[in-house]
Amino acid sequence: MSAALEQRVLCIGPQARAPRLSVLTPFHKHDPSALLQRMAPASRDVEFVLLDDGSASAELLSNVVKAAEALRTSVRIVIWARNRGRATGRNRLIEEARGEYVLFLDADLIPDQSDFLHRWLTTIRNERPLVAFGGLSLEQAEETPDTALHFNLFGRSDCAPARLRARAAAQSTAASNLLVRRDFLLATPFDDGFTGWGFEDTDWALTAARHTRIQHIDNPVTHAGLDSITTLMRKSAEAGPNFARLAAKHPKAVRRFAAYRAARTVRPVRGLRSAFAWFARDPLRATPMPIRRAAFKLYRASHFAEHLA
């Protein structure tokens, strides 16, 4: 396939030469329209750059274009014919951005406050951070029987206020709701050796923390795309090689992770993965949530253990 067919770029609205902030959103078969609608209309100090990472859906793209037009500011949509993965996609968005700062927002997020972008612009103007993370929440998320485990896991591990996140600044940083000065990001790109799902953001944060302080503020976004137990388990299996790559690159830091210690513990125990999966799935709907949560973590650790040296 030629380069022209591999990639197209749609431009919507007046194209600012040097906006203060570029909002970067990759998506793959997930409609980011709700996220865009929450921020419309947007300041002319802000541009939006989206990446359709191989969704191959005309209906989805049409919805995104309609939501982008309502922003009333500069928007570009990069469209890839095939899926290339999270790290490669984020680096393509960085390349396309023109803002002094970039803000990563995944397609399944919803800002918790109506002045969400204004708060980020104020942080840029007053504090000039190299890296800042705004936090994640479940404030607007819907808990269903199918997503109950993810709701519980995410609430306990990813929804801390800034003062608590700052105690483990790199480990508590995700690539969603992450603000970075673009020149720093160009010098410190995502490692595109992380393919598939998981840990490219942790790797980036651990690398960035060697060069600068990661600032934590309270300007959260809701994770509205909670996964079913089936999807969680699939992602856990896919993430094994990436976890091993992370451990090899940052051995001292990763040895402190609870997931690493769990992987080392379950490694000698053969044949228990199916039991962990059964308790995590809770087919009889009788397992207390703390046991489901522990079983899932051990199931995930068993996949990580397969790939650790």
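Which residues have the most contacts inside the largest nonpolar core? Before I answer, a word on the model. It is predicted, so local features are reported at pLDDT of at least 70 and side-chain atom pairs at pLDDT 80 or more, while totals for chains, interfaces and linings use all residues. Residues are numbered from 1 along each chain as its sequence is written, and side-chain values use heavy atoms, with hydrogens and water left out.

The residues in question are L21, F48, L103, L105, L117 and W204, within a core of 93 residues. By nonpolar core I mean a set of buried Ala, Val, Leu, Ile, Met, Phe, Trp, Tyr and Cys residues joined through side-chain atoms within 4.5 Å. Buried denotes under 20% relative accessible area, exposed over 50%, and partly exposed the range in between, with a 1.4 Å probe and protein chains only. Helix α10, residues 229-249, supplies the largest share of this core, eight residues. Helices (H or I, at least four residues) and strands (E, at least two) are DSSP runs, numbered from the N terminus. Domain 1 (3-226) and domain 2 (228-308) each contribute at least three residues to the core; these bounds come from an automatic or database domain assignment. In soluble globular proteins, nonpolar side chains tend to be buried together.

Let us take L103 as an example. Leaving aside residues up to four places away in sequence, L103 touches L21, S22, V23, L24, F116, L117, W120, N177, L178 and L179. Contact here means heavy atoms within 4.5 Å.

Is H303 buried or exposed? H303 is buried, because its relative accessible area is 10%. Among residues beyond four places away in sequence, H303 touches S236, A237, G240 and R273. Its side chain also makes a polar contact of 3.2 Å with the side chain of Y299. Such a contact is a pair of N or O atoms within 3.5 Å; within protein, one must be able to donate a hydrogen and the other to accept it, and residues adjacent in sequence count only if both atoms are side-chain atoms.

Finally, the backbone. Most residues other than glycine have a negative phi, and most peptide bonds are trans. A cis peptide bond, with omega about -15 degrees, joins A40 and P41; P41 sits in the loop between α2 (33-38) and β3 (46-53). A56, in the loop between β3 and α3 (58-69), has a positive phi near 55 degrees. A56 counts as exposed because its relative accessibility is 74%.
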